[in-house]
Amino acid sequence: MNLDLDSWSGWISDNNDAVYVHVSPASGEIKRNINVIIAHPLGPESSHCYKTQKALAAHLAQVGFQVFRFHFAGYGNSTGETLNQLSTATWQKNIQHVLQFASRAFPENKNCVIGLRSGCLLTGAALQNVESDFAIFWYPYTNGAALVRDLQLIDHNLKLNTPDWGIEAGGYPLSNADLEACKTLNLLKSHFKINDSSLVIENGETRTNSRFRDHLCSFGSNCEQLDLHGLKGMIRQAELSTIPQSNVTAIQDWLISKSHDSSSNGHSHISHANTHSTEDYAIRLKRAGLQNVIDLQNRQEMTLRCPSSTQPHRPIYAILSLPKTKTTLAECKQTLLLGNAGASPHTGPNRLHVDLAQQLADQNVASVRYDLKNLGESATLECDPHPYPPTATEDILNLCAYFSNGGASHLALGGLCSGAFHAFHVALRSVQTKEDTDYTFTNIHLINPLFFYWKEGDSIFGTEVTQHAADKQYYSNQITSWRNWLTLLLSPKKWPTIFKFIWKIALKLLKKTLSPITRLFIKPTRSQLSQDIASILDSDIKIHLYFGSSEPGAEIWRSQTDKGIKQSTKVSIHYFTECDHTFSRKSQREELALMISQKAT
């Protein structure tokens with residue numbers, strides 16, 4: 001296989017785990033002699049804050065810092081499971097190992113660790129055992145018990161029952177042992193090995209709290225505190241999350257000041273360009289232990305930058321997972337391409353795509369998890385992280401051609417939410433244009449699509465059709481409860497919505513009643529969805545759908561596809577009861593991954 005490996009991301013060995021690291025190399029005219037390591041939050045915030053972490057890394061690299069982002073074991077592309085009796089201890093060691101990796105790659109530099117939110121708890125725990133010159137505690141959780149309460153609240157809001165083994169934590173499960181270990185973490189009772197200075201960024205939208213800064217100062221650390229706005233926007237779900245630019249600028253300015261002042265002899269810790277070329281950096285990282293191809297238990301994974309025929313300067317970031325028993329894509333039964341769900345990165349919501357890769361490898365199926373050009377690791381700072389970009393279909397078709405050139409002749413497409421939407425439209429485009437390609441599509445796997453058609457101006461959270469389907473599903477679930485009727489009667493503001501919904505249902509029932517009569521005189525027209533599904537099926541592409549039982553997309557499917565589509569042997573559909581949109585329950589994610597892997601063959 002002639003594939004384009006990515007030099008800036010890969011894995012470093014950490015005892016029994018392989019920790020995924022992404023390096024943003026220093027660029028520009030100045031090289032500042034500080035390595036910056038960013039420790040992400042735990043739970044759903046790891047995804048919500050992804051865009052901000054990536055933006056911070058890019059800004060710092062542009063002004064000359066070497067920046068290291070990484071995934072804790074059991075998160076993202078790293079190996080391991082979060083449901084592990086020793087996860088909290090492992091995560092602390094992950095920080096230590098990334099620090100050591102950064103020092104091996106750039107031994108002339110000093111180190112700074114940035115902990116974000118709950119990442120501060122782990123950063124603090126790690127810095128009790130290993131030294132760092134600088135530390136930044138960004139909107140810190142100072143008490144692990146508060147983190148546990150917040151994760152339990154997320155489960156409560158998602159209506160996730162508490163399992164015997166621990167908590168779901170919004171899709172990032174924690175064992176009972178780790179919950180107890182988290183509760184013991186307390187930054188206000190810890191002593192840290194910070195050699196020089198530290199910065200604490202607190203939430204400027206609430207009452208000022210300087211207890212943690214005072215604690216850091218109490219054992220001789222030179223500590224500053226900034227009270228900044230931006231936390232609320234940063235921790236919203238990925239599609240709505242906003243980058244707190246004031247925070248990014250403040251961190252950048254603070255680090256720049258330290259790159260000048262950290263030397264005891266007063267010399268500037270700055271070197272000028274041409275000291276190291278981009279190729280030199282890549283060699284350094286490789287010698288320090290970064291592997292962009294790694295052998296795992298049942299598969300081999302590699303980080304790629306896939307060039308596009310239409311935009312060669314804007315490659316698509318992807319990770320290829322190849323079954324261990326196969327040496328080329330041509331030997332695999334098929335290759336499944338998994339796209340972004342909303343604005344989340346290529347690892348998938350709640351790490352779904354990584355779990356799928358493991359299941360698929362057992363079936364001798366290769367998989368590719370990728371970021372569209374405007375999302376995740378493919379995106380630049382200027383990109384709009386829109387989950388339905390107009391270039392998506394072209395991006396994915398270019399990706400198909402790329403892996404076809406690499407030996408894959410049987411391809412499948414899949415994704416959740418917007419990923420399902422794009423899989424559907426790529427398959428549809430391929431059968432409509434009838435282009436001559438070296439590959440064929442065998443299956444498409446559509447997981448909880450919100451809708452099948454979207455146009456500029458529609459909400460990314462649903463069209464009018466989606467809203468009607470959601471209303472129907474909601475009121476169908478509520479109609480048998482007398483308490484809900486009582487609440488409704490006492491809420492006049494809700495009456496117009498109810499009357500509008502009832503009117504639409506009445507018209508639909510009238511149409512259904514009259515349809516046998518009208519069919520005698522008027523030939524029934526097939527819905528656009530039925531026509532498009534039929535054209536895909538006629539090309540021998542199987543369609544597999546996976547819906548939460550209360551998903552609006554499921555109602556759209558039921559109401560807009562005809563009997564012939566529903567009874568086709570090339571269509572399979574599975575409903576998950578009490579399932580949220582992103583499969584936050586561990587058992588349901590495992591069931592979904594197993595089901596897809598079995599159908600992929």
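**Aromatic pairs and their setting**

Tutor: Tyr75 counts as buried, because its relative accessibility is 4% and the cut-off for buried is under 20%. Bear in mind that this is a predicted model. Trp91 is buried as well, with a relative accessible area of 1%. Both residues belong to a ring cluster. Ring pairs connect Tyr75 and Trp91 with Phe70, Phe72 and Tyr172 there.

Now the geometry. A ring pair is described by two quantities, the distance of the centres and the angle of the planes. In this model the count of aromatic pairs comes to 24. One of them joins Phe68 and Phe106.

Where does the pair of Phe68 and Phe106 sit along the chain? Phe68 is in strand β5, residues 66-70. Phe106 is in the loop between α3 (87-105) and β6 (110-116). The two parts are 38 residues apart in sequence, so the pair ties them together. Phe68 and Phe106 are both buried.

Back to Tyr75 and Trp91. They too form an edge-to-face pair, at 5.9 Å centre to centre and 70° between the planes. Tyr75 lies in the loop between β5 and α3, and Trp91 in helix α3.

Eight strands make an open sheet with mixed pairing. The order is β1-β2-β5-β4-β6-β7-β10-β11. β1 (9-14) and β11 (222-228) stand at the edges. Each has a single partner strand, so one side of each is left without a neighbour in the sheet. From one strand to the next, the twist averages 25°.

Look at one pairing more closely. Strands β7 (residues 132-138) and β10 (residues 194-203) run parallel and are joined by six bridges. Ile136 has Leu199 in β10 as its bridge partner.

Two helices complete the picture. Helix α2 (residues 50-62) lies across β2 (17-24), β4 (34-39), β5, β6 and β7. Helix α4 (residues 119-126) lies across β4, β6 and β7. α4 runs at about 140° to β6.

Terms used:
Residues are numbered from 1 along each chain as its sequence is written. This is a predicted model: local features need pLDDT of at least 70, side-chain atom pairs count only at pLDDT 80 or more; totals for chains, interfaces and linings use all residues. Side-chain values use heavy atoms; hydrogens and water are left out. Rings of Phe, Tyr and Trp (its six-membered ring) pair if their centres lie within 6.5 Å; planes under 30 degrees apart count as stacked, over 60 as edge-to-face and the rest as tilted. Helices (H or I, at least four residues) and strands (E, at least two) are DSSP runs, numbered from the N terminus. Buried means under 20% relative accessible area, exposed over 50%, partly exposed in between (1.4 Å probe, protein chains only). Two strands pair if DSSP finds at least two bridges between them. Axes are lines fitted to C-alpha atoms, for helices over the stretch in contact, and angles run from 0 to 180 degrees between N-to-C directions. Contact means heavy atoms within 4.5 Å.
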